[in-house]
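Colleague: Could you walk me through the charged pairs in this one? I would like to take them one at a time.
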Amino acid sequence: MRLFCGLEAIASEHEPLASHTHFGLGGPARWVLRPRDESELATVLRRSRQAGLRVRVLGRGANLLVRDEGVPDVVVRLSAPHWGRIEFSDGAVTAGGGADMHRLVLETVRRGLSGLERMGGIPGTVGGCICMNAGGRDGEIGELVRSVRVMDASGCVRDLHRGELRFAYRRSSLAGQIVLAVELTVEPDDPTRIKRRLREVWKYKSASQPLKAHSAGCIFKNPPGMSAGRMIEQVGMKGRRVGGAEVSRTHANFIVAHAGSTSSDVLRLISRIQESVHERYDVLLELEVEVW
Ligand code: EPU
């Protein structure tokens with residue numbers, strides 16, 4: 001424990017990660033650290049760097065596949081209360097990087113504030129959603145961002161304004177940084193209308209996606225102008241299994257992990273899908289989920 005001496009209260013060794021992910025799969029992390037504020041986070045980053053250890057941030061594990069062998073790294077979780085705060089001001093809401101996206105959506109809707117309905121049914125932390133510019137057919141979160149407070153690998157904090165940030169399809173310029181807090185634009189609207197829109201988003205998703213199963217949402221990005229889900233269905237892969245991993249029959253861009261599944265099952269199924277789609281369409285589907 002010398003590496004994190006003085007931080008014993010927030011450090012754990014060889015911690016299994018499976019239960020921290022929606023897939024429910026994967027091995028342990030060499031270290032998991034749960035810093036309680038910015039200064040503790042900076043200490044964790046500096047000590048990891050000195051020891052030559054890689055740092056990864058784990059949000060709610062909603063878009064993540066951890067390999068069966070786990071990771072020899074330092075995994076940071078922003079799960080302490082400090083990172084979950086949500087504050088409202090004129091025309092904006094500020095949320096900590098570890099805040100739960102679902103809670104943020106419900107709190108803004110409850111206050112009659114519009115904008116975040118597009119994130120209905122998207123699981124994750126606010127920081128994770130911002131880094132990958134999460135969204136769907138109703139819009140992406142990047143469109144709402146006013147500013148982001150980030151920490152880099154050396155522990156330096158910066159406040160970045162909209163003009164200094166880049167958001168693209170499931171991508172942002174924030175890769176490699178830790179999102180500490182985000183300020184988002186929200187607008188007052190008729191509460192009944194906002195609730196109706198949120199219900200519509202929910203209805204669409206629960207009818208077209210296997211939301212109750214163990215999955216990581218969409219596995220692949222949509223290639224420009226195409227739908228990965230439709231392509232996978234067209235090559236006849238719906239319901240195809242490797243071990244306990246199955247291509248969802250509800251939405252072909254979801255892989256569902258049944259009891260007994262391993263991460264290698266999922267990875268082998270991913271390769272088979274990529275091969276079949278490549279053979280038929282000459283397109284290499286790019287992963288949307290992160291693999292550790
Ligand atoms: N489709 C099929 N077969 C399938 C699935 C879809 O033919 O098995 C067809 C649908 O009928 C539709 C088209 O493909 O005509 C697009 O499908 P859908 O509306 O479900 O949207 P998507 O492009 O597959 C995107 C996001 C989802 C998000 C939904 C809804 C990506 C990769 N996926 O899916 O995001 O929930 O829109 O807003 O951008 C995620 O990021 O994890 C995710 C699930």
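Modeller: Bearing in mind that this is a predicted model, I would begin with Arg170, which counts as buried at 12% relative accessibility.

Colleague: Which residue does Arg170 form a salt bridge with?

Modeller: The partner is Glu140, and the closest N and O atoms of the two are 3.5 Å apart. The pair links distant parts of the chain, with Glu140 in strand S10 and Arg170 in the loop between strand S13 and strand S14, 30 residues apart.

Colleague: And is Glu140 buried or exposed?

Modeller: Glu140 has a relative accessible area of 18%, and because buried means under 20%, Glu140 is buried.

Colleague: Switching to Asp73, what does its side chain meet in a salt bridge?

Modeller: Asp73 meets the side chain of Arg56, at 2.6 Å from N to O. Here too distant parts of the chain are linked, since Asp73 belongs to strand S5 and Arg56 to strand S3, 17 residues apart. Asp73 is buried at a relative accessible area of 7%, and Arg56 is buried at 13%.

Colleague: What about Asp159 and Arg149, how far apart are their closest N and O atoms?

Modeller: They are 3.0 Å apart, in a salt bridge. Asp159 lies in strand S12 and Arg149 in strand S11, so this pair ties together parts that are ten residues apart in sequence. Asp159 is partly exposed at 45% relative accessibility, and Arg149 is partly exposed at 27%.

Notes: Residues are numbered from 1 along each chain as its sequence is written. This is a predicted model: local features need pLDDT of at least 70, side-chain atom pairs count only at pLDDT 80 or more; totals for chains, interfaces and linings use all residues. Side-chain values use heavy atoms; hydrogens and water are left out. A salt bridge is a side-chain nitrogen of Lys or Arg within 4 Å of a carboxyl oxygen of Asp or Glu. Helices (H or I, at least four residues) and strands (E, at least two) are DSSP runs, numbered from the N terminus. Buried means under 20% relative accessible area, exposed over 50%, partly exposed in between (1.4 Å probe, protein chains only).
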